[in-house]
Amino acid sequence: EIDILKVGHHGSRTSTTTEFLNQIKPKIALISVGKDNKYGHPTEDALSRLTNIGSKIYRTDEDETILITEQKE
């Protein structure tokens, strides 16, 4: 299991298979994608698969710049 997944190919239909996601179970999924892109990325298929495994999804087209920092205990 992993904490963060940078979703491949801007969240295209084939970017993250169910089998792959079931193996890694990311807590957070980051999708780098342009707003209103002509390809329709991220696809509903990819978003649905990520949602179904419980990933919190962050997208640059909606959330803009995404900054990840380490929290010290």
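Reply: Happy to! Let's start with glutamate 62, which counts as exposed because its relative accessibility is 55%; here buried means under 20% relative accessible area, exposed over 50% and partly exposed in between, with a 1.4 Å probe and protein chains only. Its side chain meets that of arginine 59 in a salt bridge, 3.5 Å from N to O, the term being used for a side-chain nitrogen of Lys or Arg within 4 Å of a carboxyl oxygen of Asp or Glu.

A word on the basis: this is a predicted model, where local features need pLDDT of at least 70 and side-chain atom pairs count only at pLDDT 80 or more, while totals for chains, interfaces and linings use all residues. Residues are numbered from 1 along each chain as its sequence is written, and side-chain values use heavy atoms, leaving out hydrogens and water.

Arginine 59 also forms a salt bridge with aspartate 61, at 2.6 Å from N to O.

The structure holds three salt bridges. Another of them pairs the side chains of aspartate 3 and lysine 27, at 3.1 Å from N to O. This pair links distant parts of the chain, 24 residues apart: aspartate 3 lies in the segment before strand S1 (4-6), and lysine 27 in the loop between H1 and S2. Helices (H or I, at least four residues) and strands (E, at least two) are DSSP runs, numbered from the N terminus. Aspartate 3 is partly exposed at 47% relative accessibility, whereas lysine 27 is exposed at 52%.
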